[in-house]
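Welcome! Please take a moment with the sequence and the 3D view below before reading on.

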Amino acid sequence: MTAALILAPGRERSVLRRHPWIFAGAVDRIDGRARPGDTVVVQASNGRALGRAALSPASQIRARMWSFIDESIDDAFFRRTVARAVEQRRDLPELAPEFEASGGVRLLHGESDGLPGVVADRYADVIVLQITSAGGEKWRDAIADALTRATGVSRIYERSDPDVRALEGLAARTGWLTGEAGIVGGPPRPVIAERAASGRINLEVDVAGGHKTGFYLDQRDSRRLCGELAQGRRVLNCFCYTGGFSLHALAGGATEVLSIDSSGPALEMARANLAHNPVLDASRAAWLEADVFQHLRTLRDEGRKFDLVVLDPPKFAPSASHAKSAARAYKDINLLGLRLLAPGGLLMTYSCSAGIDPAMFQGIVADAAADAGIGARVLRRLSAGVDHPIGLAFPEGEYLKGLLIRVA
């Protein structure tokens, strides 16, 4: 018999609004026995059934909703849910190129696709699956099977290694799930092709060791925009990782592109990515291994100026409790970036920190501009692409915030 999670009186409102998380403080009790990841029936204090969820007894997010109706959570449920997510992306014309053989696309985006703690990205002929919830862990094989059925891709590599798994009582897990189980060592590095301002950009993906699932698909639209803006401009790309923004800028006609990152291996891969695009003029690209904060001060002291600056730093605030210290870091980096812009220059600046909401991020950048004594306007708000949807009742899913700014 399925156990029941009984909400405390008055705590059913968020579930009725279809928010997928149930926090520990909202739970009155659990009737019956349930292990981590098991499905429980969620009930209001008056006994009203509200749906079914996966139990996470080790986490402050005590349960995550699979469904807001009374339905069985079984292999068929995951086949339906995964197939729906994939087909909804196939139906979007702007994602059609990403479903080509050499494309890269997010197939599953966690809570916003009805699969809390489950992310899947396809890179050419490899799918990378990342699971960060106890419920997803319990159903990993069913989810992997559903992905193969929905896409025809049989090679699935697991990258369930983020630190947040520890909050669920889960150990890290990486390696082949399907398709290449007999291979010793890591997977090959697929090369994906992205639409650019001119032609396509080829980008190698380190499935086994790269950030997140190997790459940042969420910045695809911004990389293309960077290329569209780069014509005739001097470009500075900070926290460049494997060079995506840099290559798009070169393809778009930048006169020079300086790319900075603190990771030597990431820069090696960036140079390899440049080699994957022989039509680009490598003489216009410079790669620098350095602490970005420190080197921006060096560039400022040298009087260097750029026409387009990209600031895409790592996550400074994983949660709201880190927001204050993260705000200082974001203000510092934006202050330096703004001071390096030539008159009329453009700043593309981002935050991927869940603890910084869009209004707070704009306020931080506005404070940086005020301290720099620079007038500036927001030309466009930037975000992840349409393969990274945001559940209407799940604003926490809007983790990537960006601004395109022009200075006076």
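What follows is a short tour by topic, from strands to cores, rings and cysteines.

This is a predicted model, in which local features need pLDDT of at least 70 and side-chain atom pairs count only at pLDDT 80 or more, while totals for chains, interfaces and linings use all residues. Residues are numbered from 1 along each chain as its sequence is written, and side-chain values use heavy atoms, with hydrogens and water left out.

**The six-stranded sheet**

- Six strands make an open sheet with mixed pairing, in the order β2-β6-β5-β4-β1-β3.
- At its edges are β2 (21-23) and β3 (27-31), each of which pairs on one side only.
- On average, neighbouring strands here are turned by 35 degrees against each other, direction ignored; the axes behind such angles are lines fitted to C-alpha atoms, for helices over the stretch in contact, and angles run from 0 to 180 degrees between N-to-C directions.
- Strands (E, at least two residues) and helices (H or I, at least four) are DSSP runs, numbered from the N terminus, and two strands pair if DSSP finds at least two bridges between them.

**Around strand β6**

- Strands β5 (residues 49-55) and β6 (residues 61-67) are antiparallel partners over four bridges, and they form a hairpin with five residues between them.
- Within this pairing, alanine 54 stands opposite arginine 64, and leucine 55 has alanine 63 as its bridge partner.
- β6 also runs antiparallel to β2, joined by three bridges, with isoleucine 22 opposite alanine 63.
- Six of the seven residues of β6 are buried, where buried means under 20% relative accessible area, exposed over 50%, and partly exposed in between (1.4 Å probe, protein chains only).

**Aromatic rings**

- The model has 13 aromatic pairs; rings of Phe, Tyr and Trp (its six-membered ring) pair if their centres lie within 6.5 Å, and planes under 30 degrees apart count as stacked, over 60 as edge-to-face and the rest as tilted.
- Tryptophan 66 and phenylalanine 77 have ring centres 6.4 Å apart and planes at 65 degrees, so they are edge-to-face.
- Because tryptophan 66 lies in β6 and phenylalanine 77 in helix α2 (residues 75-90), this pair ties together parts eleven residues apart in sequence.
- Tryptophan 66 also pairs with phenylalanine 78, with centres 5.1 Å apart and planes at 90 degrees, so this pair is edge-to-face.
- Elsewhere, ring pairs link Phe239, Phe293, Phe316, Tyr330 and Phe361 into a cluster.

**Nonpolar cores**

- The largest nonpolar core has 43 residues, and Tyr123, Leu247, Trp287 and Met348 touch the most other members; such a core is a set of buried Ala, Val, Leu, Ile, Met, Phe, Trp, Tyr and Cys residues joined through side-chain atoms within 4.5 Å.
- Elements giving two or more residues to this core include β9 (126-131), α6 (244-251) and β18 (341-351), and the largest share, five residues, comes from α6.
- Apart from this core lies another, of 33 residues, among them Val309, Ala323, Leu338 and Leu340.
- Leaving aside neighbours within four places in sequence, tryptophan 287 is in contact with residues including Cys240, Leu247, Leu267 and Leu274, contact being heavy atoms within 4.5 Å.

**Cysteines**

- The structure holds zero disulfides, a disulfide being a pair of cysteine sulfur atoms within 2.5 Å.
- For cysteine 226, the nearest cysteine sulfur is that of cysteine 238, 11 Å away.
- Cysteine 226 is buried, with a relative accessible area of 0%.
- The sulfur of cysteine 240 lies 8.8 Å from the closest cysteine sulfur, in cysteine 238, too far for a bond.
- Cysteine 240 is buried too, with a relative accessible area of 5%.
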